[in-house]
Amino acid sequence: MVKATRITNDIRRLRFAAGELTQADLAARVGVTRQTIIAIEQGRYSPSLEVAFQIAGVFDVPLDDVFQYPASTGETP
């Protein structure tokens with residue numbers, strides 16, 4: 001069983017705000033597969049830093065407008 005990442009994202013909201021950009025269109029712009037975008041959106045996969053910056057670049061927003069990491073609760077990730 002794959003453990004979900006603690007990183008959350010607003011990719012779905014940003015895709016719809018960008019004129020309903022499809023997962024396939026976003027994947028093509030970033031250079032990954034549609035399945036990778038799906039996994040990232042669903043929180044099943046954390047993108048590399050490079051891919052995260054590329055996604056933010058597609059939407060022309062700062063990285064922290066796309067991805068969020070919850071404040072530490074003292075536990076080890």
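Which residues in α2 meet which residues in α4? Leu-26, Arg-29 and Val-30 in α2 meet Val-51, Gln-54, Ile-55, Val-58 and Phe-59 in α4, where contact means heavy atoms within 4.5 Å. Welcome to this predicted model, in which local features need pLDDT of at least 70, side-chain atom pairs count only at pLDDT 80 or more, and totals for chains, interfaces and linings use all residues. Residues are numbered from 1 along each chain as its sequence is written, and side-chain values use heavy atoms, with hydrogens and water left out.

**Overall layout**

- The protein chain has five helices and two strands; helices (H or I, at least four residues) and strands (E, at least two) are DSSP runs, numbered from the N terminus.
- Reading from the N terminus, the elements follow the order β-α-α-α-α-α-β.
- The protein chain has 77 residues, of which 30% count as buried. Here buried means under 20% relative accessible area, exposed means over 50%, and partly exposed is in between (1.4 Å probe, protein chains only).
- Taking contacts between residues at least 6 apart in sequence, 58% join residues at least 24 apart.

**How α2 and α4 pack**

- Two packed helices are described by the angle between their axes and the distance between the axes.
- Helix α2 (residues 23-30) and helix α4 (residues 49-59) pack at an angle of about 115 degrees, and their axes are 9 Å apart. The axes are lines fitted to C-alpha atoms, for helices over the stretch in contact, and angles run from 0 to 180 degrees between N-to-C directions.
- The crossing of α2 and α4 is right-handed; a crossing is called right-handed if the near helix is turned clockwise from the far one by less than a right angle, and left-handed if anticlockwise.
- By class, the contact of α2 with α4 has six nonpolar residues, one polar and one charged. Ala, Val, Leu, Ile, Met, Phe, Trp, Tyr, Cys and Pro count as nonpolar, Asp, Glu, Lys and Arg as charged, and the others, Gly among them, as polar.

**The nonpolar core**

- The largest nonpolar core has 15 residues, and those touching the most other members are Ile-11, Leu-26, Ile-40, Ile-55, Phe-59, Val-66 and Phe-67. Such a core is a set of buried Ala, Val, Leu, Ile, Met, Phe, Trp, Tyr and Cys residues joined through side-chain atoms within 4.5 Å.
- At least two residues of this core come from each of α1, α2, α3 and α4, and α4 gives the largest share, with five residues.
- Beyond its neighbours within four places in sequence, Ile-11 is in contact with residues including Leu-26, Glu-41 and Phe-67.

- Leu-14 is found in helix α1 and is buried, at 9% relative accessibility. Leaving aside neighbours within four places in sequence, Leu-14 is in contact with Phe-59, Asp-65 and Val-66.
- Ala-17 also lies in helix α1, but Ala-17 is exposed, with a relative accessible area of 65%. The C-alpha atoms of Ala-17 and Phe-59 are separated by 9.2 Å, although the two are 42 residues apart along the chain.

**Salt bridges**

- There are two salt bridges, each being a side-chain nitrogen of Lys or Arg within 4 Å of a carboxyl oxygen of Asp or Glu.
- Arg-15 pairs with Glu-41, the closest N and O atoms being 2.5 Å apart. Arg-15 lies in helix α1 (residues 11-17) and Glu-41 in helix α3 (residues 34-41), so this pair ties together parts that are 26 residues apart in sequence. Both Arg-15 and Glu-41 are buried.
- Arg-13 pairs with Asp-10, with 3.9 Å between the closest N and O atoms. Arg-13 is partly exposed at 48%, and Asp-10 is partly exposed at 27%.
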